[in-house]
Structure formats: structure tokens, C-alpha cells
Amino acid sequence: MIITRNNEDEVARLQDEFSIRFDIKKLGELHLFLGLEVTNMNKWIFVTQEGYAKKLVDRFGLKQSKTCSTPLDIRTRLRRDEGSLFADPKPFRALIGSLLYLIITRPDIEFSVGHVSRLMQRTRKPHLEAEKRILNYINSTSDMGLFFQKKNDLVLATYTDADFGGDLEDRRSTSSYPFLCGGTSVSWCSKKQDSVSLSTTDAEYKAVALTAQECVWLQRLAEDLHLPISNPIVIYGDNQSSFKLANNPASETLFLCSRPHLVKKKSQSPPRKIKGRGGRLQIPRSQRRARLESAQQKGELAEQLREEIKLKEAETLGWK
């Protein structure tokens with residue numbers, strides 16, 4: 001059990017109450033919890049899964065593999081029926097499950113793991129090669145984790161994106177977003193949309209709707225923790241049409257179904273006000289932080305995006 005605090009006396013009182021009812025052992029300051037390694041310094045906290053990542057690489061025999069700068073090659077396009085079929089898909093599925101747990105501190109592999117996880121039913125050679133590529137990347141960046149600065153104001157911002165028709169099998173798009181607090185990712189998602197989008201506006205608007213849902217959840221979570229978010233959560237995007245649609249209360253678009261009502265309600269009703277900036281601000285491609293969640297990136301761009309969401313290697317922090 002992890003107990004967070006801003007009052008040492010209250011923590012001590014709670015521990016004493018637990019000790020009366022249960023046989024507990026006080027372990028002191030948090031350092032390791034279910035594979036998460038926490039380094040607590042004066043002005044920042046570093047959270048990583050380095051030990052878990054190294055064990056995962058060793059388990060699948062790729063410790064001596066080649067280094068790579070991205071989890072998937074930018075040209076990779078996997079299909080369900082291409083390549084020779086494996087008789088036993090259990091190792092493939094086991095690796096997928098292990099990688100899904102690593103996503104807790106690694107938003108940079110969210111899209112890649114989600115992409116290969118769609119192919120678990122009939123595993124083929126190209127699918128396994130893609131998995132090995134992800135492991136090679138993890139082996140190259142095993143000490144990477146999230147860098148949280150202390151005493152940041154609780155101000156959230158998010159970047160939303162979608163890859164229009166990115167799935168080659170059914171042409172459904174993938175929505176993605178990272179939520180940043182103090183410049184560090186605190187929530188992220190890369191999720192395949194539940195229907196085919198008829199246009200880029202449709203695909204991007206579905207991504208905005210998914211992001212708006214997460215906005216509401218995070219605001220309610222903050223309220224439960226007695227840390228209400230007073231400022232509007234700004235959603236940044238690169239599709240002007242989708243944000244104009246969200247900001248126009250008179251617009252009605254049938255093919256978007258209930259999503260206009262969701263986004264408009266949340267964007268116009270305080271205290272859960274959500275401001276869209278896509279209609280007035282065009283985000284340069286090099287600054288689209290959600291791109292790390294929705295598509296494979298070239299090495300230099302991926303490194304830049306990792307830096308922007310405070311996903312860093314331990315050695316760069318100067319303590320290892």
C-alpha cells in the first residue's frame with residue numbers, strides 16, 4: 001500500500017490505525033512498488049521500470065540485440081494474413097501481455113504495442129519480427145522513465161491526434177492523446193476507433209471526443225483528491241475543421257452521431273470547461289506531442305517528442 005501525504009502527523013496516525021487492525025510492516029519512503037522504481041530527489045521524482053524491462057529482454061533472449069531508436073520502423077505496415085503462420089502463438093501473446101504492463105511508464109511504446117496486439121489471433125512471422133523490434137528498442141532504452149518536477153501547479157494540457165484510416169485491414173483510424181501536468185505525461189492513450197471515419201474531420205473529432213472523456217475523468221479524480229482543477233483544460237490539435245465543429249453550438253452532423261453533443265456539452269459548461277485551440281492555432285508537425293502516441297516516428301523526431309513529454313533516460317539526469 002502506498003500512502004501519499006502533505007501532513008506527516010496524519011500519515012503516522014493512519015499507520016497506527018492500520019497496525020491495530022492488521023499486521024503491517026512499515027517500509028519507509030517509496031522506492032519500489034510492483035515493478036515501478038521511484039527515485040525521490042529534492043526537486044523532482046523519477047519513475048521507471050528499468051528492472052522489469054531488463055528482465056523482459058532477458059526472458060525472451062534479446063539482451064545482445066542491436067540497438068534501435070524507435071519501437072517500430074516507420075515503413076512497417078502489418079497485415080493479418082501476410083507471412084508464414086506460427087503453430088504456437090503463446091510466446092507472442094505472453095510478450096504482448098508483458099509489454100502492456102511496461103506501458104505504465106512508457107507512453108512512447110503505446111502505439112506500437114497496441115498495433116501488434118491486434119494480431120494475436122493468428123500470429124505470423126512479420127508480427128513476431130515487429131515484437132522483437134519493440135524489445136530491441138526497450139533494450140536500448142531500458143532506463144527510460146518519467147520525470148516529475150515537484151511543486152508544479154495543477155494545470156493540465158492535452159494534445160490530440162488521429163491517423164486517418166491507418167489500419168490496413170479495416171481502415172479504421174487510431175485516436176491518441178497525452179495529458180501533461182508540469183510538462184510531464186500523467187495520462188496517455190492510443191486507441192483504435194470503433195468505426196470507419198469518412199473524413200479526416202470525422203477521425204480527428206472522434207479523437208477530440210475521446211480526449212474530452214478523459215478530461216472529465218481527470219477533473220473528477222482531482223476533485224476526489226481535494227485538488228480541484230480551476231483552469232480550463234486546453235485541447236491542442238492540428239485539424240481546424242474538428243475544432244470549429246466543436247466550438248459551433250449550432251452545428252449538427254449526422255455521421256458524427258452523439259460525439260458533437262459530448263464535446264459541446266463539456267466545452268460550454270463550467271466548471272468542466274474545455275477550450276479547443278485547433279480552430280485558431282495550427283500546431284507545427286514537429287510539436288505534435290500526440291504523434292508519439294499515434295504513429296511510428298523517425299529517430300530524431302521521436303527523441304524530440306520524448307523530451308517534450310519529460311520521458312528521459314536515467315543517465316541524462318546525472319545521478320546514474
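Predicted model: local features only at pLDDT ≥ 70, side-chain atom pairs only at ≥ 80, totals over all residues.
Here, a residue counts as buried when its relative accessible area is under 20%. In helix 5, the buried residues are His127, Ala130, Glu131, Ile134, Leu135, Asn136, Tyr137 and Ile138.

**Helix 5**
- Helix 5 runs over residues 125–140, which is 16 residues.
- From first C-alpha to last, helix 5 reaches 23 Å, close to the 22 Å you'd expect at 1.5 Å a residue.
- Leaving aside residues up to four places away in sequence, Ile138 touches Ala53, Val57, Leu99, Leu102 and Ile109.

**The nonpolar cores**
- The largest nonpolar core has 32 residues, and the ones touching the most other members are Leu99, Ile109, Val113, Val116, Ile134, Leu135 and Ile138.
- At least two residues of this core come from each of helix 2 (50–59), helix 3 (90–102), helix 4 (110–117), helix 5, strand 4 (144–149), strand 5 (156–159) and strand 9 (233–236).
- There's also a second, separate core of 14 residues, with Tyr177, Cys181, Cys215 and Ala222 among them.
- As background, nonpolar side chains in soluble globular proteins tend to be buried together.

**Helix 3 against helix 4**
- The crossing of helix 3 past helix 4 is left-handed.
- On the helix 3 side, Phe92, Ile96, Leu99 and Leu100 meet Val113, Val116 and Ser117 of helix 4.

Conventions. Residues numbered from 1 in each chain as written. Heavy atoms only, no water. Helix = DSSP H or I, 4+ residues; strand = E, 2+ residues; numbered from the N terminus. Expected span 1.5 Å × (residues − 1). Buried < 20%, exposed > 50% of the residue type's maximum accessible area, 1.4 Å probe, protein only. Core = buried A, V, L, I, M, F, W, Y, C linked by side-chain atoms within 4.5 Å. Contact = heavy atoms within 4.5 Å. Left-handed = near helix turned anticlockwise from the far one by under 90°.
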